[in-house]
Amino acid sequence: MLLNNKLQLIINEYKEIIDTLLPDEFPISYICKKTGMTRQGVRAKLITNYEPGDDFYKRGNAIYISKRVTFQLLKIGGND
């Protein structure tokens with residue numbers, strides 16, 4: 001049990017480090033560059049699968065995506 005508690009503490013510390021190092025939002029262009037998807041493809045995926053305002057939003061002329069959704073999109077990439 002002690003080992004599990006230590007592992008959980010280490011995992012939580014790493015989560016905190018990652019949260020402080022990465023921004024809370026990413027522009028749609030970041031996803032396009034990393035996955036090779038088109039802007040239209042990313043937009044379609046966002047509109048179909050995620051909540052506007054919570055998961056992504058428009059600021060000025062740019063679309064920004066939450067950290068959580070960004071990681072999901074990077075994980076699946078352009079493999080549809």
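Mentor: This is a predicted model, and helix 1, residues 2–21, gives the most to the nonpolar patch, with eight residues.
Trainee: OK, which residues form that nonpolar patch on the surface?
Mentor: The patch is formed by Leu3, Leu7, Ile10, Ile11, Tyr14, Ile17, Ile18, Leu21, Leu22 and Phe71, and together they have about 960 Å² of accessible area.
Trainee: Switching to the inside, which residues make up the largest nonpolar core?
Mentor: That core has twelve residues in all, namely Ile28, Ile31, Cys32, Met37, Val42, Leu46, Tyr50, Phe56, Ile63, Ile65, Val69 and Leu73. Two or more residues each are given to this core by helix 2 (28–35), helix 3 (39–49), strand 3 (62–66) and helix 4 (67–76), with helix 2 providing the largest share, three residues.
Trainee: And helix 4, which of its residues are buried?
Mentor: In helix 4 the buried residues are Lys67, Val69, Thr70 and Leu73. Viewed down the axis of helix 4, they fall within an arc of 160 degrees, so they line one face of the helix.
Trainee: What do those buried residues pack against?
Mentor: They pack against helix 1, strand 1 (25–27), helix 2, helix 3 and strand 3. As for Val69, leaving aside residues up to four places away in sequence, Val69 touches Leu46, Tyr50 and Asp55.

How values were computed. Residues are numbered from 1 along each chain as its sequence is written. This is a predicted model: local features need pLDDT of at least 70, side-chain atom pairs count only at pLDDT 80 or more; totals for chains, interfaces and linings use all residues. Side-chain values use heavy atoms; hydrogens and water are left out. Patches are made of residues with over 30% relative accessible area and no salt bridge: like charges are joined within 9 Å, nonpolar side chains (Val, Leu, Ile, Met, Phe, Trp, Tyr) within 5 Å. Accessible areas come from the Shrake-Rupley method with a 1.4 Å probe; for residues, only the protein chains shown count as cover. A salt bridge is a side-chain nitrogen of Lys or Arg within 4 Å of a carboxyl oxygen of Asp or Glu. Helices (H or I, at least four residues) and strands (E, at least two) are DSSP runs, numbered from the N terminus. A nonpolar core is a set of buried Ala, Val, Leu, Ile, Met, Phe, Trp, Tyr and Cys residues joined through side-chain atoms within 4.5 Å. Buried means under 20% relative accessible area, exposed over 50%, partly exposed in between (1.4 Å probe, protein chains only). Contact means heavy atoms within 4.5 Å. The arc is that of the directions from the helix axis to the C-beta atoms.
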